[in-house]
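Subject: Structure handover and notes

Dear colleague,

Please find the structure below, together with the sequence. My notes on what was found in it follow directly after.

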Amino acid sequence: MTCATKILGCGSYLPEKILTNEDLAELVDTSDSWIRTRTGITQRHIAKEGELTSDLGFKAAELALIDAELNISQIDAIIVATTTPDNIFPSTATKIQAKLNMKHGFAFDVQAVCSGFVYALTIADKFIKSNSANNILVIGAETLSRILNWQDRNSCVLFGDGAGAVILGRDQTGESDIIDSMLHSDGDFYNILNTDGGPSLNGGMGKITMQGKDVFKNAVSKMSATVKEITEKNQIPLENIKLIVPHQANKRILDAVAERLNLGNDKIVSTVNIHANTSASSIPLALKEALGNNMVSRGDYMIFEALGAGLTWGSMLIKY
């Protein structure tokens, strides 16, 4: 029997340290007006020395458990979407499992960069609907500040650190909160956004490199297309969607997607101004903001959408 997937709780955590545009102007040749005009970003959170991706994810997980009114003994699995793991191995998910004192179940990481949370949530949904798990903790966590070239003003201004978590649960009788998901990738675009290092490539970690115009063009076209794709497939008019929770890459991208879909900005959650691009953690961070501000209610339709390096992209249709 196919089970329904319910969204039981959401939590988020941001490092205490805030790096403003004015602070960045002291590090690199830039200015507050230059950054705001091109990205819409005013600040970003930066993990302090010794504060790891697993630390951020653990704190978001604790808050999600409180929100769901569950304890760790009721969680069957942990899936962590991250591009910035604590170690090459073992997985950051297992480190968070240990921090939560979880001695059962299983834990693993997913690497799809900025689309990672959509990928991870889709995997968790499949586990639940196949009756393979009851409750799954899905985390997006990043310390992108560790892989930035702080002399490159075109990239270092874009990113920040943070973590968000969602708990999915199994329901044998009700409707599923997650109606559908659609995932895509195209490796031909590998070189427009990547790091210039890696264990197999050169034994290093590398820093983020990007071809901004190509990333912008693909983000607008593919994020718009995946929203149309999933609504048309499920025969739900776009005007029936209460809220779109997109990956927070750049305010200009969010505005261009809204314009292409003929949607008002009130239907697009935007937190990029205060969080910057936090990769796999941006959707759960934005979702927590939306829920906290009562932008969506039970029974409303939402769409999660993202595009990341790879290129990877995808969307999820939610009836919250």
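Predicted model: local features only at pLDDT ≥ 70, side-chain atom pairs only at ≥ 80, totals over all residues.

Isoleucine 244 belongs to strand 11, which covers residues 241-246. If neighbours within four places in sequence are set aside, the residues in contact with isoleucine 244 are Val227, Leu261, Leu263, Lys267, Ile268, Val269, Ile303 and Glu305. For a sense of distance, isoleucine 230 lies 14 residues away from isoleucine 244 in sequence, and the two C-alpha atoms are 12 Å apart in space.

Next come the pockets, which may be of interest for your own calculations. The largest pocket holds about 960 Å³ of space, and its lining is made up of 35 residues, with Thr83, Pro85, Gln111, Ile147 and Thr195 lying nearest the centre. By class, that lining divides into 17 nonpolar, 15 polar and three charged residues. Strand 5 (106-110) and strand 9 (193-195) each contribute at least two residues to the lining of the largest pocket, and strand 9 supplies the largest share, namely three residues.

The second largest pocket has a volume of about 510 Å³ and is lined by 24 residues, of which Leu158, Met210, Gly212, Phe216 and Asn250 are nearest its centre. Two or more lining residues of the second largest pocket come from each of helix 2 (32-39), helix 7 (212-233), helix 8 (251-260) and strand 12 (301-308). Among these contributors, helix 7 gives the most, with six residues. The lining of the second largest pocket comprises 14 nonpolar, seven polar and three charged residues.

Turning to the aromatic side chains, the structure holds three aromatic pairs. In one of them, the rings of phenylalanine 106 and phenylalanine 108 have centres 6.2 Å apart and planes at 5°, so this pair is stacked. Phenylalanine 106 also pairs with phenylalanine 127, where the ring centres are 5.4 Å apart and the planes stand at 55°, so this second pair is tilted. Taken together, ring pairs join Phe106, Phe108 and Phe127 into a cluster.

The charged end of lysine 222 sits over the ring of tryptophan 313, at 5.1 Å from the ring centre, while the charged end of arginine 298 sits over the ring of tyrosine 320, at 3.9 Å from the ring centre.

With best regards

Definitions and conventions:
Residues numbered from 1 in each chain as written. Heavy atoms only, no water. Helix = DSSP H or I, 4+ residues; strand = E, 2+ residues; numbered from the N terminus. Contact = heavy atoms within 4.5 Å. 1 Å grid on protein atoms, 1.4 Å probe; cavity = no way out; pocket = protein on both sides within 12 Å on 5 of 7 lines; lining within 4 Å. Points joined across faces, edges and corners; volume = space filled by probe spheres on them. Nonpolar A, V, L, I, M, F, W, Y, C, P; charged D, E, K, R; others polar. Phe/Tyr/Trp six-rings, centres within 6.5 Å; stacked < 30°, edge-to-face > 60°. Lys NZ or Arg CZ within 6 Å of the ring centre and 35° of its normal.
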